[in-house]
Amino acid sequence: MAKSGTHFHFKQFSIAHDRCSMKVGTDGVLLGAWADIHTAHTLLDIGTGTGVIALMLAQRSAALASIDAVELEKEDATQATENVLNSPWPDKVNIYTCAIQEFTPGKRYDLIVSNPPYFINSQEPPDKRRTQTRHTVSLPFEDLLQAVTRLLAPGGRFSIILPYTEGNRFIALASGYSLSCIQQWSFRTRAGKPVERWLLTFSDIPAPLNTGEVLLYKQSHVWDDSYIALTRDFYLNL
């Protein structure tokens, strides 16, 4: 990935994000590279923002797979649509402008992913668009879980990235929706630092918990091997 003006350039596509409420960031790249796409033919990205996760899934998934992406913010959805049209997969990714609570596609998905708003009790920023993107005002965790249980195919998987505290709370909430955590990977900037993010996968079919860890740096400004292995298909300098 390389930054050039208003764009982030990956190996196979570029993302314009100058009109989006949230820019391309590490969380989205982590989830887009980490989510298990094995056997997934129908995929859904909830809260797609710039469209970066949807396009990462498009790059990684089977040729005949289809990706739907839902975005509440109209301007974000417009720019995500432009990013899709300018990508190698304009016929593989569909952007829908609506709240996930109102999304009725008439089908279920093998894989659902989300990099959701997660600030619950913190002070809201003055920008309404950033509030909706970063805070759970427009998408409480309970609403997200209701949407997932409604839209996930039997035996399908739901992957999400969340901060440490919110991730632990989400695991507890998900059990009330008959969703078992089957993957729980930690993300830290360096070994010995606190866990900053959880990468989590849920399914309605319980399975032994798969655990792992991704480190961003092994020393100052030198990426760790685990992060390189996860993102090498995307970053230009790998």
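This report walks through the fold, the sheet, the helices and the salt bridges of a predicted model.

## Ground rules

Since this is a prediction, local features need pLDDT of at least 70 and side-chain atom pairs count only at pLDDT 80 or more, while totals for chains, interfaces and linings use all residues. Residues are numbered from 1 along each chain as its sequence is written, and side-chain values use heavy atoms, with hydrogens and water left out.

## The chain as a whole

Let's start with the overall tally. The chain has seven helices and 13 strands; these are DSSP runs numbered from the N terminus, with helices being H or I of at least four residues and strands being E of at least two. Of its 238 residues, 50% count as buried. Here buried means under 20% relative accessible area, exposed means over 50%, and partly exposed is in between (1.4 Å probe, protein chains only).

The accessible surface comes to about 10800 Å², and carbon and sulfur atoms own 50% of that. Areas are from the Shrake-Rupley method with a 1.4 Å probe, and for residues only the protein chains shown count as cover. As for contacts (heavy atoms within 4.5 Å), take those in the chain with a separation of 6 or more: 72% of them are between residues 24 or more positions apart.

Eight strands make up an open sheet with mixed pairing, in the order 6-5-4-7-8-10-9-11. Strand 6 and strand 11 (210-215) sit at the edges, each pairing on one side only. From one strand to the next, the twist averages 15°. Two strands are taken to pair if DSSP finds at least two bridges between them.

Now for some individual pairings. Strand 5 and strand 6 run parallel, with five bridges; E71 has T97 in strand 6 as its bridge partner. Strand 7 and strand 8 are also joined in the parallel sense over five bridges, and here I112 has F158 in strand 8 as its partner. Strand 8 and strand 10, by contrast, run antiparallel and share seven bridges, with P163 partnered by R197 in strand 10. Strand 8 is largely enclosed by the rest of the structure, because ten of its twelve residues are buried.

## Helices and their packing

Helix 5 has F141, L144, L145, A147, V148 and L151 buried. Looking down the axis of helix 5, these buried residues fall within an arc of 160°, so they line one face of the helix. (The arc is that of the directions from the helix axis to the C-beta atoms.) An α-helix has 3.6 residues a turn, so residues three or four places apart point the same way. The buried residues of helix 5 pack against strand 4, strand 7, strand 8 and helix 6.

Helix 2 (residues 52-60) is mostly covered, with eight of its nine residues buried: V52, I53, A54, L55, M56, L57, A58 and Q59.

## Salt bridges

Side chains of opposite charge can pair when their charged atoms come close. The whole structure has seven salt bridges, each being a side-chain nitrogen of Lys or Arg within 4 Å of a carboxyl oxygen of Asp or Glu. Among them is the one between R157 and D36, whose closest N and O atoms are 3.8 Å apart. R157 lies in strand 8 (residues 152-163) and D36 in the loop between helix 1 (26-34) and strand 4 (42-46), so this pair ties together parts 121 residues apart in sequence. R157 counts as buried at 12% relative accessibility, while D36 is partly exposed at 29%.

Another of the salt bridges joins K107 to D68, at 3.2 Å from N to O. K107 is in the loop between strand 6 (93-97) and strand 7 (109-114) and D68 is in strand 5 (residues 66-71), so the link spans parts 39 residues apart in sequence. Which of the two is buried, D68 or K107? D68 is, at 2% relative accessibility, whereas K107 counts as partly exposed at 33%.

R169 and E142 also form a salt bridge, with the closest N and O atoms 3.5 Å apart. R169 belongs to helix 6 (residues 164-175) and E142 to helix 5 (residues 141-151), so the pair connects parts 27 residues apart in sequence. R169 is partly exposed at 35% relative accessibility, and E142 is partly exposed with a relative accessible area of 28%.

Definitions and conventions. Axes are lines fitted to C-alpha atoms, for helices over the stretch in contact, and angles run from 0 to 180 degrees between N-to-C directions.
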